[in-house]
Amino acid sequence: MEIDKPVQIELDTIYGWMQSHVISRHPWDIQSLEKVVKPSSKLSAQQHLSIYRRSYFSRLRECMLVQFPALSYALGRDLFIQFTDIYLAQYPSQSYTLADLGQHFEHFLEENRPDKYQEQKEWWVDFMIQLANFEFQVNIKFDEIADENYHLVKDISIKDDHLNVLPICELYAHDFPISIFYKEAINDKSPEQPLPQKSYSALIRRNYRLGIFELQPLQYHFLKVLKETNSVKESLSRLCSEFDLDQNELMATWSIWKEAWIEEGFFIKK
Amino acid sequence: MKNNKEHIQNLPNLGLGVGLRGEHFNHILEHRPKVDWFEIISENFMDSGGRPRYVLDQIAEQYPVVMHGVSMSIGSTDPLNFDYLKKLKQLAIDTKAKWISDHLCWTGINHINSHDLLPVPLNEESLAHISKRINTVQDFLEQPLVIENPSTYLTFQDSTIAEWDFLTYLTEETGCGLLLDVNNVYVSAFNNEFDPVEYIENIPHDRVVQMHLAGHQNQGDYIIDTHDGPVIDEVWKLFHLAWKRTGGTSALLEWDGNIPEFEVCHEEILKAKQFMDTLVFEEVKNDRKQENSRLVSNPIDFMVNPVSKEFEITYGDR
Ligand SMILES: [Fe+2]
């Protein structure tokens with residue numbers, strides 16, 4: 001950069017210069033520093049600027065740690081921070097809110113997976129990516145705009161056609177027990193990294209609070225159809241035909257599910 | 001502009017307030033503490049459809065609320081974000097906010113947000129640029145903006161105007177109000193080697209709407225504005241001076257790192273009462289120094305929801 005004092009530097013030139021020094025991962029052109037920033041009696045120009053640079057990385061790392069507590073536990077803090085620093089360089093925040101900071105992290109991990117050029121993919125990488133996705137979903141659902149004005153069903157004798165699921169009820173099918181791992185990690189139970197195993201879960205929000213249900217495969221498929229059709233009857237009959245189930249047995253199973261789910265405040269009145 | 005000036009000068013002194021933080025939601029809802037007012041971080045609530053907004057709506061019904069933002073980026077050369085401003089305006093209507101503040105800073109250019117309050121070169125060019133933008137924002141929001149002095153860590157070679165004069169000119173050009181962060185004056189004065197008393201003596205006292213107080217960390221050669229502890233005596237002295245010069249304004253404690261129980265935060269700001277008219281120190285509280293290279297200015301605790309702490313209902317297998 002050509003900087004000749006005392007000609008005043010355009011504002012956006014200074015900003016562009018400073019921004020690149022604050023957010024870039026690599027050392028800068030130190031020559032021009034003192035032409036832009038005044039040294040003080042205690043600190044050089046570079047030391048003054050470094051305060052911003054250190055704060056930038058510390059602040060956004062902390063933020064990512066808050067948004068991905070289970071993933072950072074799974075990867076280990078140091079590795080997580082290494083990934084975070086590269087992520088911030090590739091996807092610097094473009095949002096006015098820090099709530100969006102981790103929004104591309106899953107995609108970034110997918111793009112930069114360490115087994116990218118290997119024929120045989122490593123399953124632990126898939127675990128981390130699915131965990132990243134789930135964890136960010138949790139962040140989104142917590143603060144998403146959704147109807148919270150509903151009547152929770154408390155009476156187990158309610159007719160099936162009056163039942164509906166909560167407005168926020170997200171269903172997940174994972175190749176690992178992601179939600180169990182997540183719950184244990186955030187509750188400081190130090191879970192071990194799990195082996196591949198299909199798992200199904202529901203993330204719900206009730207009265208502004210989040211909850212996670214572990215589901216059986218059939219329950220997952222039932223709820224999926226129920227969300228789509230808003231009809232218990234339709235969902236049961238589709239389940240029956242798709243999984244070739246005995247109708248009487250399914251009805252008996254449904255009455256157990258229904259009672260348990262109503263007890264847990266899973267349904268709202270239509 | 002004349003209207004803005006009058007508007008600013010007629011804003012009420014709300015008393016001693018506390019910054020609303022997620023950590024205190026339950027305490028506030030349960031105990032309804034006797035707090036004069038709350039300051040909210042605008043960005044934490046403008047998109048919220050979850051519990052933060054639900055809690056805020058209840059608080060706004062019972063307490064006066066003031067909005068404090070960190071992402072307007074009034075000093076930037078990027079275009080103003082009118083999508084953001086629209087949400088800001090709506091939140092102010094919804095919460096009946098007494099005023100809206102943000103910082104004399106830029107947060108990024110080329111659409112990048114550093115999420116930091118970066119310093120502005122203080123000269124004729126930036127003064128004209130920022131005055132114009134404040135006027136645009138004020139026209140859009142249909143109310144004057146309140147501008148806070150950020151804590152700064154460097155001085156530009158191109159700065160030709162003292163910050164107190166710069167703020168004075170801004171108020172003259174736009175009719176905006178000032179949020180005087182007394183701790184930031186102390187921090188910036190230390191880091192950039194100017195006299196904090198001269199600063200406070202020279203700002204336009206009739207435009208100060210609100211004051212901020214906070215704790216910081218002294219690293220020896222520089223100070224980081226960490227908002228993570230009690231206010232030190234030197235800052236209380238500056239507060240006392242600012243109180244005398246302004247005749248008293250709304251005052252608020254910012255506590256964002258190592259956030260203690262609500263009552264501890266509240267008591268810290270109530271100490272301001274003993275420094276309004278006289279300077280009485282019960283115990284000497286000087287600069288705190290912490291050996292920690294991870295110190296963050298403008299810490300993020302108040303800008304991200306620690307969602308993992310918000311699970312009330314988690315279930316086992318079924
Ligand atoms: Fe402040």
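## Salt bridge across the interface

A salt bridge is a side-chain nitrogen of Lys or Arg within 4 Å of a carboxyl oxygen of Asp or Glu. In this predicted model, that rule finds one salt bridge across the interface of chain B and chain A. The bridge joins Arg59(A) to Asp116(B), whose closest N and O atoms are 3.3 Å apart.

## Extent of the interface

Chain B contributes 74 residues to the contact, and chain A contributes 71 residues. Between them the two chains bury about 6800 Å², of which 58% lies on carbon and sulfur atoms.

Polar contacts across this interface comprise 23 residue pairs, both residues being at pLDDT 80 or more. Several elements of chain B each supply at least two residues of the side that touches chain A, among them helix 4 (51-62), helix 5 (82-95) and helix 6 (124-141). Strand 11 of chain B gives the most to that side, with four residues.

## Iron site in chain B

The iron ion has four protein donors: Glu148(B) through OE, Asp181(B) through OD, His212(B) through ND1 and Glu254(B) through OE. These donors lie 2.0 to 2.4 Å from the iron ion and follow the spacing E-x32-D-x30-H-x41-E along the chain. His212(B) in strand 7 (residues 208-214) and Glu254(B) in strand 10 (residues 250-254) link distant parts of chain B, 42 residues apart.

The arrangement is irregular because the four donor atoms subtend angles of 85 to 169° around the iron ion; a tetrahedral assignment would require all angles to lie between 85 and 135 degrees. His212(B) is buried, with a relative accessible area of 0%. Glu254(B) is also buried, at 5%.

Conventions
Residues numbered from 1 in each chain as written. Chains lettered and ligands numbered in written order. Predicted model: local features only at pLDDT ≥ 70, side-chain atom pairs only at ≥ 80, totals over all residues. Heavy atoms only, no water. Donors = N, O, S within 2.8 Å, 3.2 Å for Na, K, Ca; no water. Tetrahedral: all angles 85-135°; square planar, octahedral: opposite > 155°, others 65-115°. Buried < 20%, exposed > 50% of the residue type's maximum accessible area, 1.4 Å probe, protein only. Contact = heavy atoms within 4.5 Å. Buried area = accessible area lost by both parts, 1.4 Å probe. Polar contact = N/O pair within 3.5 Å; in protein donor to acceptor, adjacent residues only side chain to side chain.
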